[in-house]
Amino acid sequence: MRETGLMAALLLMACGSGEGQAVARGGDQGSPADVVTPQAPVRDGVGETKFGDDNQQYPKGFSPYPGSRPARNFSASTYDGGTAASFEVEAKVADVIAHFRKQAEAQGMKITGQVEGGSTTIFVADRPDGSGDVKFTIIQSGNRVMGAVMGK
């Protein structure tokens with residue numbers, strides 16, 4: 001259940017517009033223009049999702065891809081110690097994936113799943129002590145990569 005709130009926040013991240021705002025996008029078929037609304041931290045009983053805070057916290061043992069910056073200044077944390085961090089960088093998906101896989105392997109983690117579809121790659125690395133996993137969502141958009149890292 002903890003991950004449901006985080007996943008919803010990640011979906012909102014893609015629509016975010018900046019400091020303390022969320023954007024609801026209009027459709028292509030003559031629907032209303034984008035609507036910008038203020039966004040306060042969201043608390044769902046198990047964690048907190050923040051927009052506009054530049055306090056990215058990556059899961060233990062992971063660090064940002066060199067040169068990346070927080071995407072839409074989104075971060076999340078759960079009361080059991082889980083975190084989610086977003087990023088964007090001018091890079092290639094393969095290089096970003098290699099960066100995080102190297103960090104996972106250095107901790108003895110095993111990649112237990114990977115899904116690729118279009119410009120999106122999602123993969124999961126399990127901690128060797130059974131304390132949880134870390135999920136990576138990485139999206140190529142032109143010469144820019146956007147993504148999120150979630151876990152403990």
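A polar contact is a pair of N or O atoms within 3.5 Å; within protein, one atom must be able to donate a hydrogen and the other to accept it, and residues adjacent in sequence count only if both atoms are side-chain atoms. In this predicted model, local features need pLDDT of at least 70 and side-chain atom pairs count only at pLDDT 80 or more, while totals for chains, interfaces and linings use all residues. Residues are numbered from 1 along each chain as its sequence is written, and side-chain values use heavy atoms, with hydrogens and water left out.

**Surroundings of T112**

The side chains of T112 and D126 are joined by a polar contact of 3.3 Å. T112 belongs to strand β7 (residues 110-117); strands (E, at least two residues) and helices (H or I, at least four) are DSSP runs, numbered from the N terminus. With a relative accessible area of 43%, T112 is partly exposed, a class between buried (under 20%) and exposed (over 50%), computed with a 1.4 Å probe on protein chains only. Leaving aside neighbours within four places in sequence, T112 is in contact (heavy atoms within 4.5 Å) with V124 and D126. The C-alpha atoms of T112 and F123, eleven residues apart along the chain, are separated by 7.7 Å.

**Aromatic residues and the nonpolar core**

Rings of Phe, Tyr and Trp (its six-membered ring) pair if their centres lie within 6.5 Å; planes under 30 degrees apart count as stacked, over 60 as edge-to-face and the rest as tilted. The count comes to five aromatic pairs. One of them is stacked: the ring centres of Y58 and F100 are 6.5 Å apart, with the planes at 20 degrees. Because Y58 lies in the loop between β4 (47-51) and β5 (74-78) and F100 in helix α2 (residues 93-106), this pair ties together parts that are 42 residues apart in sequence. Both Y58 and F100 are buried. F87 and F100 form a tilted pair, at 5.7 Å centre to centre and 50 degrees between the planes. F87 lies in strand β6 (residues 83-90), so its pairing with F100 in helix α2 ties together parts 13 residues apart in sequence. F87 is buried, at 0% relative accessibility.

One aromatic cluster is formed by Y58, F62, F87, F100, F123 and F136. Over the ring of F123 sits the charged end of R101, 5.3 Å from the ring centre; the criterion is NZ of Lys or CZ of Arg within 6 Å of the ring centre and within 35 degrees of the ring normal.

A nonpolar core is a set of buried Ala, Val, Leu, Ile, Met, Phe, Trp, Tyr and Cys residues joined through side-chain atoms within 4.5 Å. The largest such core has 20 residues, of which F62, F87, V96, F100, F136, I138 and V145 touch the most other members. Two or more residues each come from β6, α2, β8 (120-126), β9 (133-141) and β10 (144-151). Helix α2 gives the most, with five residues.

**Salt bridges**

A salt bridge is a side-chain nitrogen of Lys or Arg within 4 Å of a carboxyl oxygen of Asp or Glu. The whole structure holds three salt bridges, tabulated here.

| Pair | N to O distance |
|---|---|
| E88 and R69 | 3.2 Å |
| E88 and R144 | 2.6 Å |
| K135 and D133 | 2.7 Å |

Through shared partners, R69, E88 and R144 form one network. E88 is buried, at 4% relative accessibility, whereas R144 is partly exposed at 30%.
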